[in-house]
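Here's a quick, friendly tour of a protein and its ligand. Have a look at the structure, then read on.

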Amino acid sequence: MNLWQAHPEELISAMQKAGVRRACLTTDPKTFELKASHPVLEPLRASVAADKRDYHRHEGCFFELGRESGHLLSACVHLTRRGQAAGGVRFFTYDTVEGFVRDGLRLSRGMGHKNALAGLWWGGGKGVIARRPNVDHRDPALRRALYQDYGRFVSSLRGCYVTAEDAGTTADDMAQVFATTRYTSCIPKVLGGSGNPSELTARGVVVAMEAALDEMGLGTLEGKRIALQGLGHVSFFMIRELLERRVGRIIGADIDEHAVRKVAQTYEGAPLEVKVVQRGDDGILATEAEVLSPNAVGAILNARTIPGIKAKLVCGGANNQLEEPGEDDRRLQERGILYVPDFLANRMGIVNCANEQYGYIDNDPAILAHLDRNNSTGVYRRTQDVLHRAKSTGTTTAVEAVRLADELGQELHPIFGHRGRQIIDHLLETDWASDKGAGL
Ligand code: NAD
């Protein structure tokens, strides 16, 4: 059986059979050779090492079988030169080990890009937990066990990875994580966290739109028509921001009638048209508008949808909007549509929680500085930097954003240097994967 293509349950069984509760893949910093802690991971090691798309000499991928929950937990660390690897933990169903591992590899690098472009002193990391089949994932006892397991796992990594909330994980889950590790952000406000980031995310995306329109010579948002896919938290606040800027019309669609009703009632009388659509109905993307803002789900910019887009600018909060990076950004460029990469526009979500251990201030100047047009690392100027670069090189904005992020990702943390790497080396020296130190 090829474990790479097998169901994650097969990896759990293989680890149990081999008497392995913890295992890791790490890249040797000198030879760049990828090493497996145990023979049971060899099929994963060989597949990851041969991969050209998602593996980029990641410093380490760590796996553990949850002590209480039995779930397969992971943390992927791409690069820690700018600081500890930071990124949320996703709780999701995977059909294959490949899908599970690839998500960690791809998303940890993506988080590093987002953190670097935002000027944050954090590296790139991501947590992934594979949902087990035939288990009620809403059961509070299971969730408590699972997320406390996850916190213990993160503690064992001694701070090379700092976790946070992500898809499938809730604020209550983060409180459980916080019960067993200090290496987390995005905890509830009552525990000293930063609360819901959606309003700031919306404000950041609107600033990115303004930067792009200005760069395109299309003036301000005033009078423009904006199409919104999804009317959830981000769009709710975005509508307020857009109305304050006297946009001409907002057209929005959501599959959830409650979300549509809430927006319609809150903004009654505004130049706003919102409707409920069926899942899979992406008609909103082809709306006659100057700006299209995807604020629902990922992978909506693809070979099927791009030919219908009428907007000249795509700028939204949804993560991973390009279905096939490298192809779909090229398709948009060929159609003369300017795409602001999602990880450039939606940084405020992570900005809001990234530094919450430094204390919390209402209208925090350290956070609001990201929205300041004169700040060289703020959303406005960083967006324009990327658009400038793309214009002068002729490549796509997505390629240029990654290039700039990779450059910035090489900068060393001004105080702690490449400490994440030192922590990983220490984990290897002290035989982390042997589980001897799993005392928590
Ligand atoms: P949300 O869940 O509150 O809202 C998303 C909305 O999209 C929901 O109302 C849902 O019904 C709707 N939706 C789902 N599929 C749809 C479809 N096919 N067509 C139309 N509507 C659809 O989420 P949110 O917090 O508003 O975040 C929106 C997006 O932005 C997500 O992709 C999220 O990962 C990303 N994001 C959010 C933040 C944040 O601060 N909230 C930060 C960074 C990125």
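The side chain of H233 has an N or O atom 2.6 Å from an oxygen atom of the ligand. That makes a polar contact, which here is a pair of N or O atoms within 3.5 Å.

On its own, the ligand exposes 810 Å², and the protein buries 77% of that (areas by the Shrake-Rupley method with a 1.4 Å probe).

A word on the source: this is a predicted model, where local features need pLDDT of at least 70 and side-chain atom pairs pLDDT 80 or more, while totals for chains, interfaces and linings use all residues. Residues are numbered from 1 along each chain as its sequence is written, and side-chain values use heavy atoms, leaving out hydrogens and water.

Around the ligand there are 20 residues, and T201, H233, V234, D254 and A296 come nearest (near means a heavy atom within 4 Å). Helix 6 (198-215), helix 7 (233-244) and strand 10 (249-254) each give at least two residues to this shell; helices (H or I, at least four residues) and strands (E, at least two) are DSSP runs, numbered from the N terminus.

Now for the largest nonpolar core: it has 57 residues, with M209, M238 and L242 making the most contacts inside it. Such a core joins buried (under 20% relative accessible area, 1.4 Å probe, protein chains only) Ala, Val, Leu, Ile, Met, Phe, Trp, Tyr and Cys residues through side-chain atoms within 4.5 Å. Helix 6 supplies its largest share, 10 residues.

How values were computed:
Polar contact = N/O pair within 3.5 Å; in protein donor to acceptor, adjacent residues only side chain to side chain. Buried < 20%, exposed > 50% of the residue type's maximum accessible area, 1.4 Å probe, protein only.
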